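Please look over the chain shown below before reading the notes. They are grouped by topic.

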Amino acid sequence: MTRTGRASVQDMAEILALEDAHTSGAYAKRPAAMVRGEGAILWDADGNRYIDGMSGVGVANVGHNHPVLKAAMKEQLDRLLVCGEAYYNDQRAQFLRDLTARTPEDLNRVFLCNSGAEAVEGAIKVARRFTGRIEVVGHKRGYHGRTMGALSLTWNPKFRESFHPLVPGFTHVPLNDIEALEGSVTERTAAVVLEIIQGEGGIWPAEAEYLQAARRLCDDRGALLVVDEVQTGMGRTGRWFACEHFNLLPDILCLGKGLGGGMPVGAVVWRDALGTLSPGSHGSTFGGNPLACAAGRAVLQILAEEGLPERASRLGERAIQELREMDVPEIREVRGRGLMIGVDLRHRAGPVIRALMNKGILGTTGNTTVIRLLPPLVIAEEDLAHIVRGLEEVLWERRGAHVG
Ligand SMILES: *Cc1c(COP(=O)(O)O)cnc(C)c1O
């Protein structure tokens with residue numbers, strides 16, 4: 001950690017104490033209060049500098065404090081903040097136009113909401129509504145959020161344990177097991193839901209043949225294919241949407257995380273051919289609000305103008321190669337695409353994340369043994385190289401500690 005000597009607005013210990021006194025307890029917090037950001041750099045209240053290798057878990061794809069995003073939001077703040085979908089709005093109209101210009105062909109119908117879980121809830125409702133069927137097939141290691149419907153689709157028992165009964169009609173098959181999928185998709189299946197690369201589950205990529213099989217099975221049996229790109233979307237994997245790597249056309253796409261660049265924005269996007277929802281069948285007070293839409297538009301503009309999907313592809317390819325060539329026995333496997341990278345260790349990843357933080361590098365975990373790296377797509381090449389070197393150092397230092 002390097003000190004910048006900037007005066008802090010508030011004392012770090014005071015911030016931590018205040019949050020600890022009132023927090024829900026739902027989060028395992030790390031002991032630093034972040035107060036400022038710029039690109040892929042964050043500063044805490046003591047002025048310590050960090051390289052952000054997690055982007056608020058895949059949110060800050062365009063980086064922190066981006067001038068174009070900021071300007072768009074400030075301009076909208078001076079005009080209108082409250083306008084639900086009972087009325088039309090100029091920002092919303094243009095956000096919908098710009099978003100559907102980027103989503104795969106035919107995916108032109110959008111329900112705007114405020115989070116990834118809400119996008120998944122919406123997708124479940126849209127699928128049940130348009131098929132008249134109930135059952136939903138999800139995936140082992142899949143993660144889709146923690147509201148009751150999304151939680152029913154999320155696989156890891158640690159998230160589900162205390163909350164049964166969950167929503168009926170959900171099953172989970174292993175990703176890339178075509179036979180299991182064939183046995184699970186029936187005339188009663190409303191939807192198959194998958195992540196192109198499972199994020200929270202530990203960066204597990206779907207294989208091309210599996211995706212093709214899922215598309216074919218859905219077509220044959222009248223189910224809808226829902227692709228949850230809440231984490232893989234918005235340029236993260238090197239394309240605007242990860243399904244584009246495979247020319248896979250989903251029926252329904254779930255978006256969130258990077259979509260609003262930090263503003264809470266989620267979206268369910270589906271094929272025109274499916275039709276539209278009837279008034280009252282779904283809704284959200286804040287969905288499609290003008291400030292969120294202005295932010296979403298700015299994010300789309302920045303991703304395009306700065307060529308960030310291509311940048312993610314170029315930088316990610318090199319980082320993944322370097323990590324794979326790294327001669328560290330603790331690394332079991334390196335997986336991922338673009339700037340969505342998982343380093344699977346032979347031991348728990350949590351202590352490594354803490355050691356990285358002490359070196360001024362922020363990362364997160366995916367499942368228990370995976371270091372998950374999701375840096376902003378604008379990250380400087382030397383900062384990304386610093387993350388890779390820092391990880392190597394920490395793994396060697398910890399190895400020494402274990403051996404000694
Ligand atoms: C994070 C995530 C979600 C849930 O998004 P929230 O905004 O936290 O509700 C859903 N699906 C995937 C693939 C995610 O990574």
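A salt bridge is a side-chain nitrogen of Lys or Arg within 4 Å of a carboxyl oxygen of Asp or Glu. This is a predicted model, in which local features need pLDDT of at least 70 and side-chain atom pairs count only at pLDDT 80 or more, while totals for chains, interfaces and linings use all residues. Residues are numbered from 1 along each chain as its sequence is written, and side-chain values use heavy atoms, with hydrogens and water left out. Helices (H or I, at least four residues) and strands (E, at least two) are DSSP runs, numbered from the N terminus. Buried means under 20% relative accessible area, exposed means over 50%, and partly exposed lies in between (1.4 Å probe, protein chains only).

**Salt bridges**

- Side chains of opposite charge can pair when their charged atoms come close.
- The structure holds 20 salt bridges.
- Arg297 forms one of them with Asp98, and the closest N and O atoms are 3.4 Å apart.
- This pair links distant parts of the chain, with Arg297 in helix H10 (residues 290–305) and Asp98 in helix H4, 199 residues apart.
- Arg297 counts as partly exposed because its relative accessibility is 24%.
- Arg109 and Asp272 also meet through their side chains in a salt bridge (3.2 Å, N to O).
- Here too distant parts of the chain are linked: Arg109 is in strand E4 (residues 107–113), Asp272 is in the loop between strand E12 (266–271) and H10, and the two are 163 residues apart.
- Arg109 is partly exposed at 36% relative accessibility, and Asp272 is partly exposed with a relative accessible area of 31%.
- One network, made by salt bridges that share partners, joins Asp106, Arg215, Asp219, Asp251 and Arg271.

- In helix H12 (residues 350–358), the buried residues include Val352, Ile353 and Leu356.
- Arg354 also has its place in helix H12, but this residue counts as exposed because its relative accessibility is 51%.
- Four strands form an open sheet in the order E1-E2-E3-E15, with mixed pairing.
- Its edge strands, E1 (34–38) and E15 (361–362), each pair on one side only.
- Two strands pair if DSSP finds at least two bridges between them.
- Strand E3 (residues 49–52) pairs with E15 in the parallel sense over two bridges, and Ile51 stands opposite Ile361 in E15.

- Most residues other than glycine have a negative phi, and most peptide bonds are trans.
- Ile203 is not a glycine, yet has a positive phi of about 60°.
- Ile203 lies in the loop between strand E8 (197–198) and strand E9 (204–205), and is buried, with a relative accessible area of 0%.
- Met234, which is not a glycine either, has a positive phi of about 55°.
- The place of Met234 is in the loop between strand E10 (224–228) and strand E11 (252–255), and Met234 counts as buried at 1% relative accessibility.
- Which residue is joined to His164 by a cis peptide bond? The partner is Pro165, and omega is about 0°.
- Pro165 is found in the loop between helix H7 (157–160) and strand E6 (170–173).
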